[in-house]
Amino acid sequence: QVQLVESGGGLVQAGDSLRLSCAASGRTFSLYAMGWFRQAPGKEREFVASVNRWSGANTYYEDSVRGRFTISKDNTKNTMYLQMNSLRPEDTAVYYCAARPSGANYRQASFWDYWGKGTLVTVSS
């Protein structure tokens, strides 16, 4: 069991940067693979990025964000981050923090067990 709380969303212009945070509690943070998903109005929840449990040496990205977004975590703070650069209007969505017990390389939301309530990112043109 783990509880997740996102923060850092907001309204920005295209080309700007934003950093999202996900604070975890309830169990040892390092035991979980962590990920970010997003859901735009009228669309399905989609995978954004994820990081393996333990050291977090392995990361995975959706093609549309690779090279622009960076996922990371700080095990001493039980916190995961998503640094978003060169934001585009199509990045506008509610961003969700997610966790699962082991592997991080899963793109379907149904494979992830724990979710935060989301934080809204709006990118204007």
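User: Which residue stands opposite Tyr60 in strand 6?
Analyst: Ser50 does. Strands here are DSSP runs of E, at least two residues, numbered from the N terminus. A caution: this is a predicted model, where local features need pLDDT of at least 70, side-chain atom pairs count only at pLDDT 80 or more, and totals for chains, interfaces and linings use all residues. Residues are numbered from 1 along each chain as its sequence is written, and side-chain values use heavy atoms, with hydrogens and water left out.

User: How many bridges join strand 5 and strand 6?
Analyst: Three, in the antiparallel sense. Two strands pair if DSSP finds at least two bridges between them.

User: And strand 4 with strand 5?
Analyst: Also antiparallel, over five bridges. Met34 has Val51 in strand 5 as its bridge partner. The two strands form a hairpin with six residues between them. Gly42 in that turn has a positive phi of about 80 degrees.

User: Is strand 5 mostly covered or open?
Analyst: Mostly covered. Five of its six residues, in the run 46–51, are buried. Buried means under 20% relative accessible area, exposed over 50%, partly exposed in between (1.4 Å probe, protein chains only).

User: New topic. Where is Lys77?
Analyst: In the loop between strand 7 (69–74) and strand 8 (79–84).

User: Why does Lys77 count as exposed?
Analyst: Because its relative accessibility is 52%.

User: How far apart are the C-alpha atoms of Lys77 and Ala14?
Analyst: They are separated by 31 Å, and the residues are 63 apart along the chain.

How values were computed: Helices (H or I, at least four residues) and strands (E, at least two) are DSSP runs, numbered from the N terminus.
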